[in-house]
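Here is a set of questions and answers on how the parts of one chain pack together.

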Amino acid sequence: MLGIDAYTSLYGIIGRPVRHSLSPAMHNAAFEHEGINAVYLAFETDSPRRAMDAVRTLNIKGLSVTVPHKETVMEFLDETDDTAKRIGAVNTIKNLEGHLKGINTDWIGALKALRAVTAIKDRLVVVLGAGGSARAVVYGLVKEGAKVHIANRTEEKARSLAEEFSCAFSGLDNVSEIEGEILINTTSVGMGPLAGICPVPASMLGKFSVVMDIVYGKGGTRLLQEARSKGCTTIPGIEMLLYQAAAQFEFWTGHTAPLDVMRQALSSPQADRKQRA
Ligand code: ATR
């Protein structure tokens with residue numbers, strides 16, 4: 001790390017929990033590589049309102065926002081861009097001389113991770129899940145011209161998200177029958193108490209050319225292990241995490257993110273997680 005002095009800028013992440021976060025490792029490595037006099041710390045807090053007061057008072061230059069504050073922080077900002085409004089969540093804040101601007105880079109992370117291995121336009125994409133993560137992923141896919149089918153345990157939530165973004169939807173009962181070329185898991189299945197579980201029957205995976213899981217963990221998730229054994233190209237959740245962080249770094253600093261340096265910083269031991277900054 002560069003020498004910290006009276007000019008060092010402060011960046012960070014707010015959420016609860018944040019102690020697992022890989023964002024400090026990625027962003028500090030990027031600051032150092034780019035010769036930027038800044039540090040990035042993790043702040044565990046229950047109050048996005050007081051955190052925004054602190055940002056203004058202490059002139060914190062930028063923040064990542066993770067669960068559970070991505071939606072609730074929005075009302076304490078001066079500006080939220082249209083995309084973040086459409087997704088309904090902010091994961092990145094920039095302090096422009098006291099004017100706090102919120103954007104969302106999760107959808108960029110998902111798209112860039114996918115684009116690295118496949119075309120997206122006109123592809124049939126099955127998205128598992130209809131929660132907050134799914135909203136960002138579906139927004140990006142629809143914007144890119146994919147044909148999206150949302151499949152969720154609670155069919156009503158799939159319907160509501162699908163209506164908003166003009167997609168197809170279903171529950172999970174007949175998930176094997178859904179046609180698709182790309183499969184993306186945004187559910188919590190595969191992490192925490194659901195680690196080692198595959199969110200869909202492994203027998204259906206062979207028809208997909210690409211399978212992406214936004215859950216990440218040591219050795220990859222069961223879904224990705226099964227998909228690899230069926231010959232699918234797989235994208236681990238860590239890739240979405242990397243690309244959303246790169247977009248944050250570029251928004252804050254105007255520098256091109258040093259992707260290799262940031263990826264290297266991710267190779268430290270990881271807990272199993274969803275893509276959560
Ligand atoms: P996030 O913000 O990370 O997306 P979330 O909004 O709580 O988290 O959404 C979690 C998603 O995982 C939901 O789609 C949820 O399905 P329901 O809408 O039916 O709750 C899904 N999920 C969680 N546990 C699941 C399980 N055991 N089986 C299938 N889907 C599950």
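Q: In this predicted model, at what angle does α8 run to β5?
A: The model is predicted. Helix α8 lies across β1, β2, β3, β5 and β6. Its direction relative to β5 is about 5°.

Q: In what order do the six strands form the open sheet?
A: The pairing in this sheet is mixed. β2 (38–44) and β4 (79–80) stand at the edges with a single partner strand each, so one side of each has no neighbour in the sheet. The order is β2-β1-β3-β5-β6-β4.

Q: What angle does the direction of α1 make with that of β2?
A: α1 packs on the sheet, where it touches β1 (9–15), β2 and β3 (62–65). Its direction and that of β2 make an angle of about 170°.

Q: How is the packing of α1 against α8 classed by angle?
A: Helix α1 (residues 23–34) and helix α8 (residues 237–253) have axes 10 Å apart. The angle at which they pack is about 45°. That makes α1, relative to α8, oblique.

Q: How many residues of the contact of α1 with α8 are nonpolar?
A: From α1 the contact takes M26, H27, A30, F31 and E34, and from α8 it takes L241, L242, A245, Q248, F249, W252 and T253. Of the residues in this contact, three are polar and one is charged. The nonpolar ones number eight.

Q: Is H69 buried or exposed?
A: H69 is placed in the loop between β3 and β4. Beyond its neighbours within four places in sequence, H69 contacts I14, G15, T45, D46, S47 and P48. Its relative accessibility is 3%, and buried means under 20%. H69 therefore counts as buried.

Q: Where does E97, with its positive phi, lie?
A: E97 is not a glycine, yet its phi is about 50°. At 82% relative accessibility E97 counts as exposed. Its place is the loop between β5 and β6.

Q: What is the relative accessible area of N59?
A: N59 sits in the loop between α2 (48–58) and β3. Although not a glycine, N59 has a positive phi of about 55°. N59 is partly exposed, and its relative accessible area is 39%.

Terms used
Residues numbered from 1 in each chain as written. Predicted model: local features only at pLDDT ≥ 70, side-chain atom pairs only at ≥ 80, totals over all residues. Heavy atoms only, no water. Axes fitted to C-alpha atoms, helices over the stretch in contact; angles between N-to-C directions. Helix = DSSP H or I, 4+ residues; strand = E, 2+ residues; numbered from the N terminus. Parallel < 35°, antiparallel > 145°, perpendicular 65-115°, else oblique. Contact = heavy atoms within 4.5 Å. Nonpolar A, V, L, I, M, F, W, Y, C, P; charged D, E, K, R; others polar. Pairing = 2+ DSSP bridges. Buried < 20%, exposed > 50% of the residue type's maximum accessible area, 1.4 Å probe, protein only.
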